[in-house]
Amino acid sequence: MPSYTVTVATGSQWFAGTDDYIYLSLLGSAGCSEKHLLDKPFYNDFERGAVDSYDVTVDEELGEIQLVKIEKRKYWLHDDWYLKYITLKTPHGDYIEFPCYRWLTGDGEVLLRDGRAKLARDDQIHILKQHRRKELETRQKQYRWMEWNPGFPLSIDAKCHKDLPRDIQFDSEKGVDFVLNYSKAMENLFINRFMHMFQSSWNDFADFEKIFVKISNTISERVMNHWQEDLMFGYQFLNGCNPVLIRRCTELPEKLPVTTEMVECSLERQLSLEQEVQQGNIFIVDFELLDGIDANKTDPCTLQFLAAPICLLYKNLANKIVPIAIQLNQIPGDENPIFLPSDAKYDWLLAKIWVRSSDFHVHQTITHLLRTHLVSEVFGIAMYRQLPAVHPIFKLLVAHVRFTIAINTKAREQLICECGLFDKANATGGGGHVQMVQRAMKDLTYASLCFPEAIKARGMESKEDIPYYFYRDDGLLVWEAIRMFTAEVVGIYYESDQVVEEDLELQDFLNDVYVYGMRGRKSSGFPKSVKSREQLSEYLTVVIFTASAQHAAVNFGQLFLGMYPEEHFIEKPVKEAMARFRKNLEAIVSVIAERNKKKQLPYYYLSPDRIPNSVAI
């Protein structure tokens, strides 16, 4: 009688093990086995982190194993179980891997295919076609689109974290980590003790030090010591937490009536302001998005204010960027003066503080929330709805949307909801942040998420002209490494452009992103379909870069791009591509580390060893 050796790996996260009954059935091309209870006498099976093996004897030859069915049935009380994978040693000595990486809840069951990635056209057997179709039908019922606020990208249809499908909820360990990080952030910022400082007037610049007293690292300490200086102010637009707004000024806007005479003391080349513009030495940051946004009125005893500044910057002879003029609102006039470095010390300093305040609001709500978190959630929901687990693009992307939907749901519960942290601590709370996202959607385009194009669109691509823009330099290295990797993976599974065009599951994924994420806006430039391997590679690079590198750059994450602890791919060519990807990333780490040795203020946020795979890891 044929005998199979079945190896079962249980997850290592908290509460991943189970005491429930686990049954296995084998479905082969020549027949199906009976249901076998996986149980060893006097042994505690399926403990957290365990890898257990069982001998399963069948009555007759089953042929090629097409599916493995795992059933979990209640022993005493329902006990969730996280199954990592199953491997099968056949009577002929062959090994077959069946990745799972999902939870079985209640009296749950799952049908697993072997780990080889397959496009729909590769499945010719009815049972596999049926399995593929049923998986997507089930997922589309679980992963439903919802409009959280008008004009936002659609999000997951869940009011709170516990309403999410179990497979995308934080596991207990990650959930505790989220709570601890949230509490730690509040503790570091003394939110409870110093909340009155946010909702009342400040008496002294030294109050800043009271807030940041518990934050200690090289960068924060240097910023705290030099934040009042023009050089630090300019540097932060290049390499701070929001390095995506500064652009080369090609023409002075009429709404900023600054003249050569006003800024003459800041210009070092004996040229007029217009000549400096022509030579590419003038840069601008315009916070027009904030114009007319309602300030926070949630506390009737506190008046809060917003500005919509325009800041003009200059590249001096040392190639450093410094501010030379600030107008705090959009419409010029006597009530809206232009502040200059030649003004009284604190007038100029307060003008810069208003700019930095506006930068904070755009950073948190648009650069960070909308353009990394909410966009990545769109990619994640579309992926779960339209790509089965056997699809190579699902296997490629799943690590890059891990916990993204969960952390965004938590944010809608605790941070950006009514009476959440935004309402308590931000001048855009009470609805202003919602207005900002609604406005910013018009600028959320596919091209703006393509890193090289976004840099070029702002006129910031020249390393010779702008030598200290490390966000650009490191970002381009990481973008290219990801693009090379995605091109390799695409080349393995798509032998021609025609195969890409005929992959209906892939095209449905892209269409879901366009219709629901981008709300069907043609002006977004998001493709409803792709027709070539090159286009697909670029699209996948956008998804991965946005969720990993771009989020790290604007959120200061720390972990490991290119490391895939869940082995969804089993094919040797893909594993070799992953190894080359990691090697390229390691080379980038070395380049960045070598450069940073010579810097008093190092930039390492886009060093791959500090980039998380997704926005939530």
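**The annotated site and its surroundings**

A: According to the unreviewed UniProt entry, the annotation "binding site" covers His 368, His 373, His 551 and Ile 617. The model examined here is a predicted one, and the description of this site begins with His 551, a residue of helix α19, which spans residues 533-555. His 551 counts as buried because its relative accessibility is 2%, below the 20% limit used for that term. The side chain of His 551 also makes a polar contact, at 3.2 Å, with the side chain of His 373, so that two of the residues named in the annotation are linked through their side chains.

Leaving aside neighbours within four places in sequence, Arg 269 is in contact with Glu 276, Asn 281, Tyr 314, Lys 315, Asn 316 and Leu 317. Two of these contacts can be described at the level of polar atoms: a polar atom of the Arg 269 side chain lies 2.7 Å from the backbone oxygen of Lys 315, and the side chain of Arg 269 reaches the backbone oxygen of Asn 316 at 3.1 Å. As for Asn 281, it is 12 residues from Arg 269 in sequence, and the two C-alpha atoms are 10.0 Å apart in space.

The remaining part belongs to the region that the unreviewed UniProt entry annotates as "domain: PLAT", residues 2-118. Over residues 2-118 the chain is 50% strand and 0% helix, with the end C-alpha atoms 28 Å apart. An open sheet is formed by four strands in the order β5-β1-β7-β8, with antiparallel pairing. Since β5 (51-57) and β8 (95-104) stand at the edges and each has a single partner strand, one side of each is left without a neighbour in the sheet. Neighbouring strands of this sheet are turned against each other by 20° on average, with direction ignored. In general, the strands of a sheet pair through backbone hydrogen bonds, in either a parallel or an antiparallel manner. Within this sheet, strand β1 (residues 3-10) pairs with strand β7 (residues 81-89) in the antiparallel sense over six bridges, and for Ala 9 the bridge partner in β7 is Tyr 85.

Notes:
Residues are numbered from 1 along each chain as its sequence is written. This is a predicted model: local features need pLDDT of at least 70, side-chain atom pairs count only at pLDDT 80 or more; totals for chains, interfaces and linings use all residues. Side-chain values use heavy atoms; hydrogens and water are left out. UniProt positions are given in the numbering used here, feature names are shortened, and annotations may be inferred rather than shown by experiment. Helices (H or I, at least four residues) and strands (E, at least two) are DSSP runs, numbered from the N terminus. Buried means under 20% relative accessible area, exposed over 50%, partly exposed in between (1.4 Å probe, protein chains only). A polar contact is a pair of N or O atoms within 3.5 Å; within protein, one must be able to donate a hydrogen and the other to accept it, and residues adjacent in sequence count only if both atoms are side-chain atoms. Contact means heavy atoms within 4.5 Å. Two strands pair if DSSP finds at least two bridges between them. Axes are lines fitted to C-alpha atoms, for helices over the stretch in contact, and angles run from 0 to 180 degrees between N-to-C directions.
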